[in-house]
Amino acid sequence: MKQAEPDFWVLEYVTITKDPRTGLVVAIGGTDKAADILQRTGGFLCAAGPRGDYHRLPHGLPVAQQRLKATTASHALLAAGHSVHLDPALNMLVTPDGEREAALRYLAGLAERVAAAETTSEVADVLTEVAAPVHGLLPLTREVIVRAWIATGDLQGAAPDEEPEPIARLGDTARSLSEAARAILRARNHAARPTQRPGTTPPPSRAQPSVSRRR
């Protein structure tokens, strides 16, 4: 006798994650009881979405507050018997090594997306992740270099014109990263344009029939 598959109440599962497009921390799924816990313990707000209601944290919360509220809500849900998936990036209990591993996985994922791209627009999406003006990888890396340059000069007590050559070159490196980001964005804009696939030719234009006029 064929054994029937068990019924899983998938809608009772709760996923707490950060939406990459809006930057909002959202909670999807769950029952009314889960919604009550999200609102009471995590400060989540109920919002109407195209596929039904969901919960989100208020706009403008610092990252530390987002992680605190998401972690608190997830543990309260688990304690009440709910099944929860919490984005590791929001988990305050994740070790620094875990964050580093997540960053490495993210970079590896970008490389895999490019390797599997079937259109230039998909390549353009990855280039956007690399060079976007605010949250792109290169601008964020440049910010780290600039802060390291400033901090090293302050800690060593050297005037800008007296910095050792290796430290002074950090400023040049930061400028090079800015130029690289601009070049990548130009390439992104070019790749995002719709293009024909190789080997395709446009359909021949229909010539208008000539009409002879008898005099």
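1. L104 lies in helix α3, which spans residues 96–115; helices here are DSSP runs of H or I with at least four residues, strands are runs of E with at least two, and both are numbered from the N terminus. This is a predicted model, in which local features need pLDDT of at least 70 and side-chain atom pairs count only at pLDDT 80 or more, while totals for chains, interfaces and linings use all residues. Residues are numbered from 1 along each chain as its sequence is written, and side-chain values use heavy atoms, with hydrogens and water left out.

2. L104 is partly exposed, at a relative accessible area of 40%, where buried means under 20%, exposed over 50%, and partly exposed in between, with a 1.4 Å probe and protein chains only.

3. The sheet is open and has five strands in the order β3-β4-β2-β1-β5, with mixed pairing; two strands pair if DSSP finds at least two bridges between them. At the edges stand β3 (45–49) and β5 (84–86), each of which pairs on one side only, and the twist from one strand to the next averages 25°. Angles run from 0 to 180 degrees between N-to-C directions, the axes being lines fitted to C-alpha atoms, for helices over the stretch in contact.

4. Strand β1 (residues 14–18) pairs with β5 in the parallel sense over three bridges, and T15 has H85 in β5 as its bridge partner.

5. Helix α2 (residues 63–79) packs on the sheet and touches β1, β2 and β5, its direction making about 170° with that of β1; contact means heavy atoms within 4.5 Å. Helix α1 (residues 32–42) lies across β1, β2 (25–28), β3 and β4 (52–56), and runs at about 30° to β4.
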